[in-house]
Structures are given as structure tokens and as C-alpha cells.
Amino acid sequence: MAARSTLPPVVQESTPALIARILREAIADGRFPPGSQLVEQELARELNVSRGPLREAMQRLTQEGLLVGHRNRGLFVMELTEDAVRDMYLAREAVECAAVRRIVATGTGPRAAEALAVPLVAMREAAPEPNGHEMSEADLHFHELLVELAGSPRLLNMHRTLLTQIRMSLTGMQGTYESADARLREHAEIVAALDEGDAERADGLLRAHMQDGLERVLGA
């Protein structure tokens, strides 16, 4: 008798979803900088897709807040205004702090700390270039994993809707670190608090870390 398969089914991504992902990544890494216009005809030609699926993809990004429509002008990448950045950090802090408290409440702090050691090591390896791409990616992975470890699908979905804006803010933060010391210390302290099961300390450290990030983005 054949062994029962535990492999997940292959999910084929729809064309609009694929286009949305490509555009989302281009916005996140700065190929489409804040305030730039996305012209439907040019994108359809560049991506070699019909305008129907492209229009649907752009509508998705509009619903996510990444694109903003201006009457009689078209669609533009959202600008990281002070109000937009503050609002994004408010939402991000709420989600990540809820994740921290859930991790501790479920008694999985030590396991989470062990898992978070992986992106922390990646951050240490990227330390010679504190404002480099590798550091930003490791930093983002740390926070993505933190929310994932909470085991809450809704928190994870909320966090994922913020990911592109978080990437944009990390790009805006580049150049604000003279060294990686403070960045590494803040993340290591959060890991230590989770390992000890100290929800109050982990929450406070994460909020302070968010405040530092907000100030760096606004001051960049």
C-alpha cells in the first residue's frame, strides 16, 4: 500500500495575482519610487500582458493603499508622507506587539527565540554594511517570522498587507545607521525577552524599536 502523501497541493497563481506581486516587489525595492506614475499602456507592453489582468492587479494594489488614484491623471505610487509613515508604524506596532504577547501567552517564547536566532545571525553577518540590502532583508525577515510564530492567521494576514510599505520604510531608513550595533542590540534584546517569557519587557523593547525606526524614517 502506497504511503499517504503529506505534500501540499500546487496552487497556480492567477495572472492578476502574479502581476500584482511583480508590481508590489518593484514598488518595495524602489524601482517605482514613491510618487511615480504607473502608466497602464507602458506596463502592459513591458510585462507582455493584456490590459484586463493588469488593470485588475493595479486595482488590488490600490485597495492595499500602495497605489493612489488622482482624477484625470492616473495611478501613482503612494508617497511616504509623515502622516502615512506614522499610520503605517501605528498598525505595524499593534500587529507585532500582539504577536509578541501571544507567543509568550502560549508558552512558545523559547521556541520562538530559537527560530528568531536565524535572521539575527544573518543580521550579524550583514553588519559590515549596516545600511545595505542584506541587512534590510534580514531585518524584515526577523519581523515577518516574529508574527508568523504567533500562530495567528489574521495577524499574519494583516502584517502581510503592510510588508511592501515596511520595505519602503526600510529603504528610506538606509543611510541612517553609522554602525549595526544599535540595530543588532535591539533585536537581540527582544529575542532574550521572549526566551525568558517576559511579555512586558518584550512588548516594551519592540515599541521602543518601532519608535526608533519611525524617527529614522522621518528624519532621513
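The model is predicted. The chain is divided into domain 1, residues 15–77, and domain 2, residues 82–218. Strand E3 pairs antiparallel with E1 and also antiparallel with E2. Helices H2 and H3 cross at roughly 115°.

**Strands**

- Strand E1 covers residues 37–38, and strand E3 covers residues 74–77.
- E1 and E3 run antiparallel and are joined by 2 bridges.
- Gln37 has Phe76 of E3 as its bridge partner.
- Strand E2 spans residues 67–70 and is joined to E3 by 4 bridges.
- E2 and E3 also run antiparallel.
- Here, Gly69 has Leu75 of E3 as its bridge partner.
- E2 and E3 form a hairpin, with 3 residues between the two strands.
- In a regular strand, side chains alternate between the two faces of the sheet.

**Helix pair H2 and H3**

- Helix H2 runs over residues 40–47, and helix H3 over residues 51–63.
- Their axes come within 10 Å and cross at roughly 115°.
- The crossing of H2 and H3 is right-handed.
- H2 brings Glu40, Gln41, Leu43, Ala44 and Leu47 to the contact.
- H3 brings Arg51, Leu54, Arg55 and Met58.
- By class, the residues of this contact are 5 nonpolar, 1 polar and 3 charged.

**Loop residues with positive phi**

- Most residues other than glycine have a negative phi.
- Asn48 has a positive phi, near 60°.
- Asn48 sits in the loop between H2 and H3.
- Asn48 counts as exposed because its relative accessibility is 70%, and the cut-off for exposed is over 50%.
- Asn72 also has a positive phi, near 65°.
- Asn72 lies in the loop between E2 and E3, in the turn of the hairpin.
- Asn72 has 79% relative accessibility, so Asn72 counts as exposed too.

**Domains**

- The C-alpha centres of the two domains lie 28 Å apart.
- The contact between them takes 7 residues from domain 1 and 5 residues from domain 2.

How values were computed. Residues numbered from 1 in each chain as written. Predicted model: local features only at pLDDT ≥ 70, side-chain atom pairs only at ≥ 80, totals over all residues. Heavy atoms only, no water. Pairing = 2+ DSSP bridges. Axes fitted to C-alpha atoms, helices over the stretch in contact; angles between N-to-C directions. Left-handed = near helix turned anticlockwise from the far one by under 90°. Contact = heavy atoms within 4.5 Å. Nonpolar A, V, L, I, M, F, W, Y, C, P; charged D, E, K, R; others polar. Buried < 20%, exposed > 50% of the residue type's maximum accessible area, 1.4 Å probe, protein only. Domains from an automatic or database assignment.
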